[in-house]
Amino acid sequence: MTKLNIIYASEMGTAMALAEDVEVTAKNKGIDTELSEMDDVSLESLQDMERVMVVISSTGDGDVPMMGEEFWTAIEKADIDLSKMNYSVCALGNKMYFNFCGAGKKIDKRFSELGATCVVNRHECDDGIDGWDVWAEEVISALGY
Ligand SMILES: Cc1cc2nc3c(=O)[nH]c(=O)nc-3n(C[C@H](O)[C@H](O)[C@H](O)COP(=O)(O)O)c2cc1C
């Protein structure tokens, strides 16, 4: 069975804990998973990923959290082919900020520009993680598990 890659970037831990919950949800369905901090993912390995769930919060002014900064700097300029990839993004943020869920929006847009297929529209959480479980179920099913 094709592996599910769960990639996260978190500043204060919420998105990281949520990514772990997503992994438990998938494992309970017998899915083979790999959970990775965003900066630990090389662009080379990203090109080989077929099924990806991204969980990412925003910091600064719609910025990617520090543990994903290097990844973002690299992928922003990279000319790579993500056409093998099916993915969806769960973006954490807070509507008090002007650039709501800015980091999740940036990653989603860039993956799509590089040829990846978004299987479920981005889920945006306002000040918490509401709705993540419905999103996770929908994505796991849309990814063909
Ligand atoms: C310094 C700071 C800057 C933030 N900037 C944004 C932002 O630009 N856009 C947004 O939607 N949320 C912003 N947030 C809200 C966080 O993304 C939100 O609280 C999220 O749930 C935190 O997840 P984390 O614990 O994984 O970092 C910011 C929070 C902090 C503390």
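Mentor: What follows goes through the ligand shell, a strand and a helix.

Trainee: What kind of model is it, and how are residues numbered?
Mentor: It is a predicted model, in which local features need pLDDT of at least 70 and side-chain atom pairs count only at pLDDT 80 or more, while totals for chains, interfaces and linings use all residues. Residues are numbered from 1 along each chain as its sequence is written.

Trainee: Which residues come nearest to the ligand?
Mentor: There are 21 residues around the ligand, and S10, M12, T14, S57 and G93 come nearest, where being near means that the C-beta atom, placed from the backbone, lies within 6 Å of the molecule. Two or more residues of that shell come from each of α1 (14-27) and β4 (86-93), with helices (H or I, at least four residues) and strands (E, at least two) taken as DSSP runs and numbered from the N terminus.

Trainee: OK, β4 then; is it buried or exposed?
Mentor: Eight of the eight residues of β4 are buried, so the strand is largely enclosed by the rest of the structure. Buried means that 20 or more other C-beta atoms lie within 10 Å of the residue's own, exposed means 12 or fewer, and partly exposed is in between, with C-beta atoms placed from the backbone.

Trainee: And which residues sit on which side of β4?
Mentor: N86, S88, C90 and L92 are on one side and Y87, V89, A91 and G93 on the other, and both faces are covered. In a regular strand the side chains alternate between the two faces of the sheet.

Trainee: Which strands pair with β4?
Mentor: Strand β3 (residues 51-57) pairs with β4 in the parallel sense over seven bridges, and pairing here requires that DSSP finds at least two bridges between two strands. Strand β5 (residues 117-118) runs parallel to β4 and is joined to it by two bridges, while strand β6 (residues 123-126), also parallel to β4, is joined to it by four.

Trainee: Switching topic, which residues of helix α5 are buried?
Mentor: In helix α5 (residues 132-142), the buried ones are W132, W135, A136, V139 and I140. These residues cover an arc of only 125° around the axis, taken from the directions from the helix axis to the C-beta atoms, which puts them on the same side of α5.

Trainee: What's on the other side of α5?
Mentor: V134 and S141 are exposed there.
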